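Student: I have a chain on the screen and would like to talk it through. Can we start with the salt bridges and then move on to the strands?

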Amino acid sequence: MSAAALFVGADTDPPTPPGGQAGVLLTFFFTSQVQLYRGDVLVDDRPNWDIWIPPPVLLIDGAPARASWSSWFYPLPVGAHQVEIREPAAARQQLDVVVDGVARLRYEAAITIRKDHTDTHVLRWDTSATLGSGS
């Protein structure tokens, strides 16, 4: 686990990278909805009000790093880096960072939770995601 990860929160500028280094500011965002089915018939479709969504699973250059549904700053050495999110939906981005530079990335996951018509049993989760330049 990367000890250098720094929770930034929402609407905050990233810190200045340590001398001679760089960093990435990564914002994690999701939308989710619940669809209720009776057999194969959709009977309700609404925003997700009641299901907890686990935090994203993040790797930077193959090493696990802390993450949650907010913004995080990761100090990095200058050069090329691989950012990969494995859960809830896979996405990957290669980036190059320069001295004192901060790359900004935004991960957006769309989660659809399919439940039975009684709204008590999860039948399936469908996910998709994008990872790219963001603010």
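Tutor: Fine, and bear in mind that this is a predicted model.

Student: Is Arg-92 buried or exposed?

Tutor: Arg-92 is exposed, at 55% relative accessibility. The cut-off for exposed is over 50%.

Student: And Glu-84, buried or exposed?

Tutor: Glu-84 is buried, with a relative accessible area of 16%.

Student: How many salt bridges does the count come to?

Tutor: Seven salt bridges. Another one is between Asp-119 and Lys-115, at 2.8 Å from N to O.

Student: How covered are those two? Give me Lys-115, then Asp-119.

Tutor: Lys-115 has a relative accessible area of 5%, which means it counts as buried. Asp-119 comes out at 24% and is partly exposed.

Student: Which residues are joined with them into one network?

Tutor: Salt bridges with shared partners put Asp-44, Arg-46, Lys-115 and Asp-119 into one network. Within it, the side chains of Arg-46 and Asp-44 form a salt bridge, 3.7 Å from N to O.

Student: What is the accessibility of Arg-46, and of Asp-44?

Tutor: Arg-46 is buried at 8% relative accessible area. Asp-44 is partly exposed at 31%.

Student: What about charge over the whole chain? How many positive and negative side chains?

Tutor: There are 10 positive and 15 negative side chains. The centres of the two sets lie 4 Å apart.

Student: Changing topic. How many helices and strands does the chain have?

Tutor: Zero helices and ten strands. In sequence order the pattern is β-β-β-β-β-β-β-β-β-β.

Student: Pick a strand. How many residues of β6 are buried?

Tutor: Strand β6 covers residues 71-76, and five of its six residues are buried.

Student: Which way does β2 run against β6, parallel or antiparallel?

Tutor: Antiparallel: strand β2, residues 22-38, pairs with β6 over six bridges. In β6, Ser-71 is the residue that stands opposite Thr-27.

Student: And how many bridges join β1 to β6?

Tutor: Two bridges, and strands β1 (residues 6-7) and β6 run antiparallel. Leu-6 stands opposite Phe-73 in β6.

Student: Which way do side chains point in a regular strand?

Tutor: As a general rule, side chains in a regular strand alternate between the two faces of the sheet.

Student: Buried or exposed?

Tutor: Ser-70 is buried, because its relative accessible area is 13% and the cut-off for buried is under 20%.

Student: What does Ser-70 touch?

Tutor: Leaving out residues up to four places away in sequence, Ser-70 touches Phe-7, Gly-9, Ala-10, Leu-26, Thr-27 and Phe-28.

Student: Now the chain overall. What share of the residues is buried?

Tutor: Of the 135 residues, 40% are buried. The chain exposes about 7,400 Å², and carbon and sulfur atoms supply 53% of that.

Student: What box do the C-alpha atoms fill?

Tutor: Roughly 60 × 25 × 25 Å, taken along the principal axes.

Student: And what share of the contacts joins residues 24 or more positions apart?

Tutor: Such pairs account for 63% of the contacts with a separation of 6 or more.

Terms used: Residues are numbered from 1 along each chain as its sequence is written. This is a predicted model: local features need pLDDT of at least 70, side-chain atom pairs count only at pLDDT 80 or more; totals for chains, interfaces and linings use all residues. Side-chain values use heavy atoms; hydrogens and water are left out. A salt bridge is a side-chain nitrogen of Lys or Arg within 4 Å of a carboxyl oxygen of Asp or Glu. Buried means under 20% relative accessible area, exposed over 50%, partly exposed in between (1.4 Å probe, protein chains only). Helices (H or I, at least four residues) and strands (E, at least two) are DSSP runs, numbered from the N terminus. Two strands pair if DSSP finds at least two bridges between them. Contact means heavy atoms within 4.5 Å. Accessible areas come from the Shrake-Rupley method with a 1.4 Å probe; for residues, only the protein chains shown count as cover. Lys and Arg count as positive and Asp and Glu as negative; His and the chain ends are not counted. The place of a charge is taken as NZ of Lys, CZ of Arg, CG of Asp or CD of Glu.
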